[in-house]
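Hi,

Here is the structure I said I would pass on. Have a look at it first, then read my notes below.

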Amino acid sequence: MIPLIFSPEVDAARASGAPIVALESTIITHGMPYPQNVEVARQVESDIRALEAVPATIAVMEGRLHIGLSEDQLTALGQAKAVAKLSRADFAPCLASGGTGSTTVAATMIAAHLAGIEVFATGGIGGVHQGAELSFDISADLQELAQTPVSVVAAGAKAILDLPKTLEILETLGVPVIAYGQDMFPAFWSRQSDLAAPLRMDDPQDIARAHRMRAQLGLPGGQLVANPIPPEDEIPSATLAPIIAQAQADADRHGITGKAVTPYLLQRIFELTKGQSLRANIALVRNNARLAAGIAQALSTT
Ligand code: PSU
Ligand code: MN
């Protein structure tokens, strides 16, 4: 038996067929500093409720898979030190051994699908890291998009990644990459990368219909919905480029590898931008949550 625990709010939404949006927890434990992480997690949940959908933040706590967290659980997770960062590989071992861990995009997709949730909002997905031709560092998030039927709303992939290679792998894996409301693939803190998005849609209803059609065709996997950060919150890519290069060089110098790479780079960029990257990060996550609520609404009637 899967030790699946639904919060009362998510349980009620399942019973009534209300739209539900899944949220990940690695962004809370490894993506943002305390106390902003807990404030953002709460804010994002209330953004979703304001649009008449139900948020389901997902995490593993003491060997149980929680779909929807209480205020106290959110706070405890946000304050906890040394929480495991769970992806596809470590998800089952953590559950089986009674452990506690936050879920990445990949693990959140797996959990959302188990819980019957079709849409998930986050900040940015993992992707192909710069220097991957030597390090082979390619996030398990990409494979997950190819096999688990959840539509993931993100602000593109973080500019710390190799975006052209990330798009190439997504194409190879057969993942629809849909830019929302613009032609270019967004670059997380910046609205534009210099890469055209493979697909564009301007209406959540179209995104919902494409999600359904994929299932009807018997194609496994989900969709990546790439939602640009609001214009007033973006950091121009020219401003960020030298900072990202510096953070990357620091990571290399300190021999940071594996799971530690993404959290290290995010923290270093936070320091180097004196908190500006975090403000942008918060704005884009909230923006993604609102779009995901719209897609969840559309899916509930499609
Ligand atoms: N993007 C962010 N903050 C994050 C992450 C992505 O802005 O915290 C997390 C997500 O949970 C994503 C994970 O799934 O980083 C990717 O880690 P890796 O590159 O090790 O696969
Ligand atoms: Mn990695």
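**What surrounds the ligand**

Two helices, α2 (26–31) and α12 (261–272), each bring at least two residues to the shell around ligand 1. Helices here are DSSP runs of H or I with at least four residues, strands are E runs of at least two, and both are numbered from the N terminus. The biggest giver is α2, with three residues in that shell.

Before you go on: this is a predicted model, where local features need pLDDT of at least 70 and side-chain atom pairs count only at pLDDT 80 or more, while totals for chains, interfaces and linings use all residues. Residues are numbered from 1 along each chain as its sequence is written, chains are lettered from A and ligands numbered from 1 in the order in which they are written, and side-chain values use heavy atoms, with hydrogens and water left out.

Back to the ligand. In total, 17 residues surround ligand 1 (a heavy atom within 4 Å of it), and Glu24, Lys85, Ser139, Asp141 and Lys158 are the closest. At least three shell residues come from each of domain 1 (1–117) and domain 2 (125–302), with bounds from an automatic or database domain assignment.

Now the polar contacts (pairs of N or O atoms within 3.5 Å). Lys85 has a polar side-chain atom 2.8 Å from an oxygen atom of ligand 1. For Lys158, a polar side-chain atom is 2.7 Å from a nitrogen atom of the ligand. Gly124 uses a backbone N or O atom, 3.1 Å from a ligand nitrogen atom. The protein buries 94% of the 480 Å² that ligand 1 exposes when taken alone (Shrake-Rupley method, 1.4 Å probe).

Most residues other than glycine have a negative phi, and most peptide bonds are trans. The Tyr34 to Pro35 peptide bond, though, is cis, with omega near 5°, and Pro35 is in the loop between α2 and α3 (36–50). Glu62 is not a glycine, yet has a positive phi of about 45°; look for Glu62 in the loop between β3 (54–61) and β4 (64–67).

Cheers

Technical notes:
A polar contact is a pair of N or O atoms within 3.5 Å; within protein, one must be able to donate a hydrogen and the other to accept it, and residues adjacent in sequence count only if both atoms are side-chain atoms.
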